Amino acid sequence: MMLGSDNEFLTQGGPGTPMGDLLRRFWMPALLSEELPERDGPPKKIRILGEDLLAFRQTDGRVGIVEPHCPHRGANLYFGRNEECGLRCAFHGWKFDIDGNCVDLPTSPPESAYKDTIKLLSYPVREWADMVWVYMGPREHMPELPQLELGLVPAGHRFVSKKWQDCNWVQSLEGAIDTAHFSFLHAIPTKDEAARLDILRKTSAIGQEGGLADRSRWVTEDPRPRFRIESHDAGLVIAAGRKTDTTDVYWRIAQYLAPNHALVPVAFPGEVYHGQTWVPVDDTSCWIYTYSWVPDRPLTNAERAKYASGLSLHAEIDEHYVPKRNMRNDYMIDRELQKTLSYTGISGVSDQDAAIQDSQGAVQDRTREHLGPTDVGIVEFRKLVMAAARALQQGQPPRAAASATGYAVRAGGWIAGPEKDLATVMTERFGHRNGYVGGEYGLAE
Amino acid sequence: MMLGSDNEFLTQGGPGTPMGDLLRRFWMPALLSEELPERDGPPKKIRILGEDLLAFRQTDGRVGIVEPHCPHRGANLYFGRNEECGLRCAFHGWKFDIDGNCVDLPTSPPESAYKDTIKLLSYPVREWADMVWVYMGPREHMPELPQLELGLVPAGHRFVSKKWQDCNWVQSLEGAIDTAHFSFLHAIPTKDEAARLDILRKTSAIGQEGGLADRSRWVTEDPRPRFRIESHDAGLVIAAGRKTDTTDVYWRIAQYLAPNHALVPVAFPGEVYHGQTWVPVDDTSCWIYTYSWVPDRPLTNAERAKYASGLSLHAEIDEHYVPKRNMRNDYMIDRELQKTLSYTGISGVSDQDAAIQDSQGAVQDRTREHLGPTDVGIVEFRKLVMAAARALQQGQPPRAAASATGYAVRAGGWIAGPEKDLATVMTERFGHRNGYVGGEYGLAE
Amino acid sequence: MMLGSDNEFLTQGGPGTPMGDLLRRFWMPALLSEELPERDGPPKKIRILGEDLLAFRQTDGRVGIVEPHCPHRGANLYFGRNEECGLRCAFHGWKFDIDGNCVDLPTSPPESAYKDTIKLLSYPVREWADMVWVYMGPREHMPELPQLELGLVPAGHRFVSKKWQDCNWVQSLEGAIDTAHFSFLHAIPTKDEAARLDILRKTSAIGQEGGLADRSRWVTEDPRPRFRIESHDAGLVIAAGRKTDTTDVYWRIAQYLAPNHALVPVAFPGEVYHGQTWVPVDDTSCWIYTYSWVPDRPLTNAERAKYASGLSLHAEIDEHYVPKRNMRNDYMIDRELQKTLSYTGISGVSDQDAAIQDSQGAVQDRTREHLGPTDVGIVEFRKLVMAAARALQQGQPPRAAASATGYAVRAGGWIAGPEKDLATVMTERFGHRNGYVGGEYGLAE
């Protein structure tokens, strides 16, 4: 159990909070590139870490992320004109570029120096891996973009989506690194292996590729995986071993990457990799950026169609990126199905995760928790991120922010002999004890 | 007028408040039995006295009422599986029975004693009189179920419904024991006695049985009934006498039964009895359980159809038990009708009561009241319930909670000579000065 | 920039605030007369300056504005019967006249003096200029109705409408007296003068009469008008001069009339005059009463139809007087139109104003403003109204409240030689340096 003050420390990310300060030392996705499809197109209202902002793509294709209110009389630049490399307020025509400079101030004479004194708050932006990234921290501490493999592969090798979630980001991320929950939440509680296989095929659950029926069964049959945790520069390797039909161990190995990424513990070699990044909208809702990629081949049209339709970790969403099955419609739970072939009666891994994570409360009350041996990944995550936030308050910048290349790691599954330690399993599976694959892309190790 | 602090004392029922403590010393309806129709069916979210709870009917038919959040990681058991005499969390499979015992904890080894340390908060439950009753107070003070006559008659003799109300429970109950308001709120303001009778027949107003036109006219013609109040173990007899066409007095005699029941002052011998129980959802909304019964015969199908359609004190409701005419649609008030045959232009006694009670505000501001001689029932109710709450804070348990059999009383109407005192009138009408009828059912007097 | 405390001082108008006290020293529109079409018709719920009130038109045609809750037990008189010169509570029949006297109290004997002690709060009401006006201040300081010309002309000469706005009233009024914003917000950004003329005709923008294309072009071409401000008993003359095609100056002269009126700076002699009055609902929303009038002829049916359809300053509204284009639908902004013939892509002057004013925030944060030379009208307005509120706190009543006849002024446009001072321009245009026209109506000057 946690102190209430620690729970607040962990979950509050607004301006001036310790965790908010920590998160602001890292780049984070602000939008999908597709949300700003057009140069000189309409600005888009966004909200990150409790800050209301505007994003716009100017004439040269670059994206700006700025405060929304014009410094003159506070009109919202959302209603402004995005024209000729700047956003012009519709009230009196004051115009700003993506760096926040006032480039025209028509209510003062042209010779006036007044406009040089006017600045619009703007944040550094990078467009990378089909996402627009923003850095909201102190400029002098701006790190490199985290070298997630997703962004290192050619664009055709990846698929990126986003979805809204109605709860604090921390409990949602904790759901991802807590790989023990697959034994129930995503279980297919049947002894009929043909039915199991049919469901796996239809729902395109994670790990749908070769051997999936056995793996699905092993996960369902062993609800007490043994955990091994290893830290590295960018985060944590979180491995969970389950019983198989032999003495071998079925390892599902996730990666937590500080402060707000997690990679999925499913892919065997040759399968599709998946990962997620959580971006707090405020303390009670977040965006989840979800990505799937293959290192060595383009995704097929069939795979893209599958993800776009809301299978695997991707959600079926509406035009505002809100999942169609959500807390307002009880995730369209089917209580009859829940009695037979689905543990939850909720369709799809993404919606099952959302339902259970939202159900913990807008912000989970961790003072009433009872943790056990399968929760060690969560415990280590909390220790790491809270220690980093505390260290930052003492002036010590986060190690992970200085380790951009350390993010080029993989997560996935493996079957190994019973006596092997984690380093051996990692090396067998990934060729590196941290899962590091940066070398393939020409990065310094 | 009341002090603001007394108004808060009277109307606030959350955990830890004096009135909340008092209410928690009594059993109260949590749901209709029909809301949990199925063994192993879906759990139902309920909210009572500001506490969010889950109700579920387990495999053996018994009902549990428990806190909603799993002690493990706080997931809501609403999404759980109701199976094999327990509710199992969909996150990691922890399972609880209706007494809150953890009966399976799959994330720990079978031999672990960890699960014996895990408890889910659960409240004692009884199913009685077509309702599921819950006791939310200290176990060592759990009383008997109140022996309301409704529950003593055979099931076929009664009809029970529930309806949502958008205000504090106290002012709604006060509306029920304030029988003076019938002269206006429910009046049929016409001199055309044929029209009056026609309306009474169609709307099936309370007291629709023989002699109703005269009684309706007397009520309309005398807005200043004379009140007589008598206390007994379970509550108050509240009698109001009105003029008739002779020197006789038309008595309408209600019962207040502590802390949250009231019986309707209308039935003459042979007519249908009615009563209501208020259960706070929180301080600004409540459920009203409404019941009609006949001691000595089954209700007819016609009577059941009438109540189910929303006539008499029962409301016409939607699938969530929310009245179709409510504050969000101005109770579908018909301003033309209000000019002619209905004092309010709102159809039906139930909706008329709801409209005027909601209109007093989410919580009536009693500091601005101006009470008069017809408000003595309300005054005595407040004194009684506030004194009981204050006594409980001093360690003295409420007398009514120890008087379960004292609830077997009736309320109703009578016509008596002008000089008779209340005890005489009560004895004439009910055979007992408190209206007690428990003896008919073999209870100790 | 402004201190946060000054911004609160300026924008908060609830009971007991300094600005609320000031506003309560003036009459203000409470409803349109058309909202109470019928004697003995249904009461109407209104909210002014954070106070919930009821308005009703009684049997003799007079209108009452009273507190909504019956002094007896707090039931809302909205559900009461409006009958025989009074509003009767539907609960127990207590009845009140428009002055708040209790004229019947049926729960007490007729001979009782209790009812003489019962009062319902009521405010003085006047019906004038198609509006119902209310005075919510101390009775002994009740001023005359402000003699706006709108109310001095015959009824057929004027058109009055109202519309909801989703922001604090002050920033909306500031938008009206800040006439510099016409260069952008209402601009038609085209060099194609035929297209300009066509749009002006179709949208019936203000100033659509003769010479409009030139004036529209001058406004668009000169975003830096030179301001001249002159104070008078009732408020401020706020004049803005723009360049023309010669050395002449195009003057647009607005009037601010304390505390919450503004007249539009557009009409040339013979054109239609326009004005607006802001009435706070609370601190984050207001009603804008909008009026158009001609001194010397009735409005034509075509003009009335134009205004009723939502052109000129009038809005296209729904049955609740809420503009159809509003913050909930992004004012139906057309981003393609914004690239070509409309600066905002929002149709109509009224909706353009609403969009930009709402966008400043529910209450504009004036601590982050950067004002310039074109904002002097706003600065003078703030000084005047804040000084008046401060003086009132010291016991000095507002000068304008004692100057009812001083409101009979006009605002409008004029073209004058380059060297003329404001007094000369005003006298040329209006025959009086303050724009005073009261003498035409037989008022004392």
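This is a predicted model: local features need pLDDT of at least 70, side-chain atom pairs count only at pLDDT 80 or more; totals for chains, interfaces and linings use all residues.
**Group meeting: contacts within and between the chains**

Between chain C and chain B, the count is four salt bridges, where a salt bridge is a side-chain nitrogen of Lys or Arg within 4 Å of a carboxyl oxygen of Asp or Glu. Residues are numbered from 1 along each chain as its sequence is written, chains are lettered from A and ligands numbered from 1 in the order in which they are written, and side-chain values use heavy atoms, with hydrogens and water left out.

Let us return to chain C and chain B. One salt bridge there joins R368(B) to E67(C), with 3.0 Å from N to O. How many residues of each chain are in contact? Chain C contributes 33 residues and chain B 36 residues, contact meaning heavy atoms within 4.5 Å. The size of an interface is often given as the accessible area lost when the parts come together. Here chain C and chain B bury about 2,700 Å² between them, with 50% of it on carbon and sulfur atoms; buried area is the accessible area (1.4 Å probe) that two parts lose on being put together, summed over both. On the side of chain C, the residues that lose the most area to chain B are R73(C), F79(C) and R81(C), which together make up 30% of what that side buries. The rule also finds 22 residue pairs in polar contact across this interface, both residues at pLDDT 80 or more. A polar contact is a pair of N or O atoms within 3.5 Å; within protein, one must be able to donate a hydrogen and the other to accept it, and residues adjacent in sequence count only if both atoms are side-chain atoms.

I turn to chain A and chain C. This contact takes 33 residues from chain A and 36 residues from chain C. About 2,700 Å² is buried between the two chains, 51% of it on carbon and sulfur atoms. Which residues of chain A lose the most area to chain C? They are R73(A), F79(A) and R81(A), together 30% of what that side buries. Four salt bridges cross the interface of chain A and chain C. R73(A) takes part in a salt bridge with E369(C), the closest N and O atoms being 3.5 Å apart. R73(A) also belongs to a network of salt bridges that links it with E174(C), D178(C), R366(C), E369(C) and R382(C).

Next come salt bridges within single chains. Side chains of opposite charge can pair when their charged atoms come close. Over all chains, the structure holds 105 salt bridges. In chain A, E35(A) and K162(A) meet at 2.9 Å, N to O. This pair links distant parts of the chain, 127 residues apart: E35(A) is in the loop between β1 (28-32) and β2 (44-48), and K162(A) is in strand β12 (residues 158-165). Helices (H or I, at least four residues) and strands (E, at least two) are DSSP runs, numbered from the N terminus. Are these two residues buried or exposed? E35(A) is buried, with a relative accessible area of 11%, and K162(A) is buried at 3%. Buried means under 20% relative accessible area, exposed over 50%, and partly exposed in between (1.4 Å probe, protein chains only).

In chain C, R226(C) and D222(C) form a salt bridge whose closest N and O atoms are 3.2 Å apart. R226(C) is partly exposed, at 34%, whereas D222(C) is buried, at 4%.

My last topic is aromatic rings. Rings of Phe, Tyr and Trp (its six-membered ring) pair if their centres lie within 6.5 Å; planes under 30 degrees apart count as stacked, over 60 as edge-to-face and the rest as tilted. The count comes to 42 aromatic pairs over all chains. In one of them, the ring centres of F184(B) and Y343(B) are 5.4 Å apart and the planes stand at 75 degrees, so the pair is edge-to-face. F184(B) lies in the loop between α4 (169-177) and α5 (193-203) of chain B, and Y343(B) in the loop between α8 (335-338) and α9 (349-359), so the pair ties together parts that are 159 residues apart in sequence. Both F184(B) and Y343(B) are buried. In chain A, one aromatic cluster is formed by W218(A), Y250(A), F268(A) and W414(A).
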